[in-house]
Amino acid sequence: MALETILLWAVIGLIAGWLASAVVGGGYGVIGDIVVGVVGAFLGGFILRALGTGAPFGGLAGTIFVAFIGAVVLLLILRLIHSSTVRRV
C-alpha cells in the first residue's frame, strides 16, 4: 500500500469521524476520529450494500459520506455498549 493511500484513508477517516462526533456528540480525539472514520467507512459500505444502494454521489465526497454514515452508526453502537456497561456497575 502506498503512502498516499494511507494518508488519504487517514484524511477521509478524520473528516468522517469528526463530522460523526459533531452530530452524535462526544469524540475520541484526532486519532480516535481517524479510527472511527476508517472503521465507519467499512461499516457504511456494508450497510449501503446490504440496502442495495451506494453513495448518492461519486468521488471523494461520496466516500466521505459513506464513511460518515458508518461512523455515526458505529458511535451510536459504542454509546449503547458504554451506557449498558455503566448501568451494570
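User: Which residues does Leu48 touch, not counting residues up to four places away in sequence?
Analyst: In this predicted model, Leu48 lies in helix H2. Once residues up to four places away in sequence are set aside, its contacts are Thr53, Gly54, Ala55 and Val66.

User: Is Leu48 buried or exposed, and with what relative accessible area?
Analyst: The cut-off for a buried residue is a relative accessible area under 20%. Leu48 falls in that class because its relative accessible area is 12%.

User: What distance separates the C-alpha atoms of Leu48 and Gly70?
Analyst: Along the chain, Leu48 and Gly70 are 22 residues apart.

User: Which residues does Val73 touch, not counting residues up to four places away in sequence?
Analyst: Val73 has its place in helix H3. The residue is partly exposed, with a relative accessible area of 27%. Leaving out residues up to four places away in sequence, Val73 touches Leu43 and Ile47.

User: How far apart are the C-alpha atoms of Val73 and Val24?
Analyst: These two residues stand 49 residues apart along the chain. The separation between the C-alpha atoms of Val73 and Val24 is 9.3 Å.

User: Is Val23 buried or exposed?
Analyst: Val23 is found in helix H1. Its relative accessible area is 56%, and the cut-off for an exposed residue is over 50%. Val23 is therefore exposed.

User: How far apart in space are Val23 and Val72, C-alpha to C-alpha?
Analyst: In sequence, Val23 and Val72 are 49 residues apart. Taken C-alpha to C-alpha, their distance in space is 7.7 Å.

User: Which helix supplies the largest share of the lining of the largest pocket?
Analyst: About 200 Å³ of space lies in the largest pocket. Its lining consists of Trp9, Ile12, Gly13, Gly37, Val38, Ala41, Phe42, Gly45, Thr63 and Val66. H1, H2 and helix H3 (59–88) each supply at least two residues of this lining. The largest share, 5 residues, comes from H2.

User: How many charged residues does the lining of the largest pocket have?
Analyst: Divided by class, this lining has 6 nonpolar and 4 polar residues. The number of charged residues in the lining of the largest pocket is none.

User: In what order do the elements of the chain run from the N terminus on?
Analyst: The secondary structure comes to 3 helices and 0 strands. From the N terminus on, the order of the elements is α-α-α.

User: What percentage of the contacts in the chain with a separation of 6 or more is accounted for by residues 24 or more positions apart?
Analyst: The C-alpha trace of the chain spans about 45 × 30 × 25 Å along its principal axes, and 28% of the 89 residues count as buried. Of the contacts with a separation of 6 or more, the part that residues 24 or more positions apart account for is 68%.

Methods
Residues numbered from 1 in each chain as written. Predicted model: local features only at pLDDT ≥ 70, side-chain atom pairs only at ≥ 80, totals over all residues. Heavy atoms only, no water. Helix = DSSP H or I, 4+ residues; strand = E, 2+ residues; numbered from the N terminus. Buried < 20%, exposed > 50% of the residue type's maximum accessible area, 1.4 Å probe, protein only. Contact = heavy atoms within 4.5 Å. 1 Å grid on protein atoms, 1.4 Å probe; cavity = no way out; pocket = protein on both sides within 12 Å on 5 of 7 lines; lining within 4 Å. Points joined across faces, edges and corners; volume = space filled by probe spheres on them. Nonpolar A, V, L, I, M, F, W, Y, C, P; charged D, E, K, R; others polar.
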